[in-house]
There are 2 protein chains.
Amino acid sequence: MKPLYRERLKRLRSSMAGKKLGAFVVTDLKNIRYLTGFTGSSAYAIVSSDKAFFLTDPRYTAQSREEVKGFRVKIFKKALDTVAEILGGIKAAAVGFESGSVSFDNYSKLAKALKGKAKLKASAGLVSALRSVKDQFEIEKITEAAKLLDKGFIHALKVVKPGAIEREAAFSIETFWKKRGAEGLAFDTIIASGERGALPHGKASEKRIKKGELVVIDMGALLNGYNSDETRTFVTGRPTAKQKEVYQVVRDAQAAAIESIRPGVKASAVDLAARSVIGKAGYGKYFGHGTGHGVGLDIHESPGLGPTSIDVLEEGMVITVEPGIYIPGWGGVRIEDMALVTKNGAKLLTSTNRDLVIL
Amino acid sequence: MKPLYRERLKRLRSSMAGKKLGAFVVTDLKNIRYLTGFTGSSAYAIVSSDKAFFLTDPRYTAQSREEVKGFRVKIFKKALDTVAEILGGIKAAAVGFESGSVSFDNYSKLAKALKGKAKLKASAGLVSALRSVKDQFEIEKITEAAKLLDKGFIHALKVVKPGAIEREAAFSIETFWKKRGAEGLAFDTIIASGERGALPHGKASEKRIKKGELVVIDMGALLNGYNSDETRTFVTGRPTAKQKEVYQVVRDAQAAAIESIRPGVKASAVDLAARSVIGKAGYGKYFGHGTGHGVGLDIHESPGLGPTSIDVLEEGMVITVEPGIYIPGWGGVRIEDMALVTKNGAKLLTSTNRDLVIL
């Protein structure tokens, strides 16, 4: 199966029409990859109701001709001058731009180069809204990345153990993935053992894992451009009553959140489902982050599943569900899976055992 | 030796005074690391003539108290509101911001939150100008990264050979570095053999290296936050007359550029020194990029060594010198070293053999 670039462009044009934009300038490289197929590091795309241009610098002449589908390729010397020239030819009254990522200086330069020929309109989130709903090609690629991730957890069971150093275990898992075709990590692997588990972003450190500790492992593989993201919390040795209790609360919270997922449900309601379970158990103040986020070409993308999110779930979204409890001086527990929103509810894409595993 | 944060802050305040800025908002994370020591992924810094604030979110409370030196730490809920509040207290007429990296949306939000209490002034490049001249701590760290990089080339001699797959060789070198403490790669390793050598950014691919090919290897290790960057071109088997000739032209071009380096010299003059040698040999149209760039916390930073650069070399700058010749359908040669600008000229920080090595 191949990416349906034509379909993606059609959806963008429909969004543009809804915002009364005669043209749209794409600058975010992941958005450009999504729309054109280009994987390099220097590019712009310009879309109007009937034209589509792809711009890159001379280093990428050969690569762009090979990768870019359905866009007219132009090679620039000075990017913003070429952008302004093309926009001048399109003669759109309002030109949308990605105001969430374009720097103030580039905005100013583009406005100047346009010499009043078109009005720039801050239009952040247009492509990311399209990207939040995955097409079949993407679901296939994300599922492959999630399966490779799951295998990494089987490998983790071998290298995460009392006596091991967090950073060395993380590197062993990274090597395992890369040997199996991963381009890299979705993000720096988190292995946070003992008290470090109370840090939600406790990157693997030089700490040695000890007996009797909870070990939070949050990791993901990047495969064919798509990210994956999963967390498990293991225990080294027989768990204490409190370790078991906190683990069970997080597990119940995750189950409640997963249960609540279906098209039309507010993202904030999924967060609330998890948050209520943790709150009722008396650990509310130890759950400081949102319940999840979209995953795709970016590791964090739309929708957001926090208490103040205004997103609504749609069929085809891929989201994480990752409640946690973090107790300073004691440690932490987080359990995270990736879920595809289907018309029948959540379909989990990650499948590592969710019971408390003793290492 | 420790980083001299106080000295760095003093230099920033002197730059601010020169631009008549009563306050400066730092948003680039590498600039924040340079000024404060913080290595996390969410932060702002605000500097006035007599105050210095560091802002982060609750995830980084513990880490910021450990890492941040000489700044008053504040934990925010909504970053830009806290920034506006602090700026309101400083009562500066003009507030500089990093317009080269702040998004248009964040600029707009900050301007709105300020409610006219201060005038925002686009001030890109203020900290990067400071960073272009390295202090003793940085020179020490960059030298360590360069030495680890050199060792990677010794390893490369073992794994880059006829029959090897580019990507597997690159991964073997990456593993070699990581086992010796590197946090990661400075950038995706380039191993471009045969015709692929004509791509200046030919990332290691699935191509198998054949006999009789030139192989361009451009790579760097990231060690203790500092980058390194070096290129060598090897040949697999006895070189042809043309391979030898092109190699020698690039080597002479690099030697001429290195020879021209000293404080007070225009960066464009170093570029010209290399470019003239290549031009005179008749390969001018095959050298499409600049001769080098600064290296430090970022892999590409100030100064730039291209034909249109307005930078002037200063003692303490660390730059790359990397001319190349790229002939479509034939292949390429690039030779790159890192040089510290000293009062007596260039001191090379990388030391791999510059003769044409036969693999």
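How many bridges join strand E1 (residues 23-26) of chain B to E2(B)? Select both strands and look: four bridges join E1(B) to E2(B), and the two run antiparallel. Keep in mind as you go that this is a predicted model.

**Stop 1: strand E2 of chain B**

Zoom in on residues 44-48 of chain B, which make up strand E2, and see how covered it is: five of its five residues are buried. Show the side chains, and you'll find cover on both faces, with Tyr44(B), Ile46(B) and Ser48(B) buried on one side and Ala45(B) and Val47(B) buried on the other. Now pick out the partners. Phe24(B) has Val47(B) as its bridge partner in E2(B). Trace the chain from E2(B) to E3(B) and you'll see a hairpin with three residues between the strands.

**Stop 2: a three-stranded sheet**

Now select E8, E9 and E11 of chain B. These three strands form an open sheet in the order E8-E9-E11, with antiparallel pairing. Which strands stand at the edges? They are E8 (190-193) and E11 (230-235) of chain B; each has a single partner strand, so one side of each is left without a neighbour in the sheet. From one strand to the next, the twist averages 15 degrees. For a closer look, find Ser193(B), whose bridge partner in E9(B) is Val215(B).

**Stop 3: a helix with cover from both chains**

Go to helix H5 (residues 104-114) of chain B. Its buried residues are Phe104(B), Asp105(B), Leu110(B), Ala113(B) and Leu114(B). What covers them? Show both chains: the cover includes strand E5 (94-97), helix H5 (104-114) and strand E6 (119-122) of chain A, along with helix H4 (79-90) and strand E6 (119-122) of chain B.

**Stop 4**

Most residues other than glycine have a negative phi, and most peptide bonds are trans. Here are some exceptions to click on. Just after H5(B), Lys115(B) takes a positive phi of about 50 degrees. Lys20(B), not a glycine either, has a positive phi of about 55 degrees; look for it in the loop between helix H1 (5-18) and E1 of chain B. Lys91(B) also has a positive phi of about 55 degrees, and it lies in the loop between H4 and strand E5 (94-97) of chain B. For the peptide bonds, select Ser302 and Pro303 in each chain: the bond is cis from Ser302(A) to Pro303(A), and cis from Ser302(B) to Pro303(B) too.

**Stop 5: a pocket in chain A**

Finish by selecting Tyr5(A), Arg33(A), Gly37(A), Thr39(A) and Phe137(A). Of the 14 residues lining the second largest pocket, these lie nearest its centre. The pocket has a volume of about 320 Å³. Helices H1 (5-18), H2 (29-36), H3 (61-67) and H7 (136-159) of chain A each give two or more residues to the lining. What sort of residues are they? The lining divides into six nonpolar, three polar and five charged.

Note on methods
Residues are numbered from 1 along each chain as its sequence is written. Chains are lettered from A and ligands numbered from 1 in the order in which they are written. This is a predicted model: local features need pLDDT of at least 70, side-chain atom pairs count only at pLDDT 80 or more; totals for chains, interfaces and linings use all residues. Side-chain values use heavy atoms; hydrogens and water are left out. Buried means under 20% relative accessible area, exposed over 50%, partly exposed in between (1.4 Å probe, protein chains only). Contact means heavy atoms within 4.5 Å. Two strands pair if DSSP finds at least two bridges between them. Axes are lines fitted to C-alpha atoms, for helices over the stretch in contact, and angles run from 0 to 180 degrees between N-to-C directions. On a 1 Å grid over the protein atoms alone, a cavity is a set of points where a 1.4 Å probe fits but cannot get out, and a pocket is an open set with protein on both sides within 12 Å along at least five of seven lines; lining residues have an atom within 4 Å of a point. Grid points are joined across faces, edges and corners, and a volume is the space filled by probe spheres set on the points. Ala, Val, Leu, Ile, Met, Phe, Trp, Tyr, Cys and Pro count as nonpolar, Asp, Glu, Lys and Arg as charged, and the others, Gly among them, as polar.
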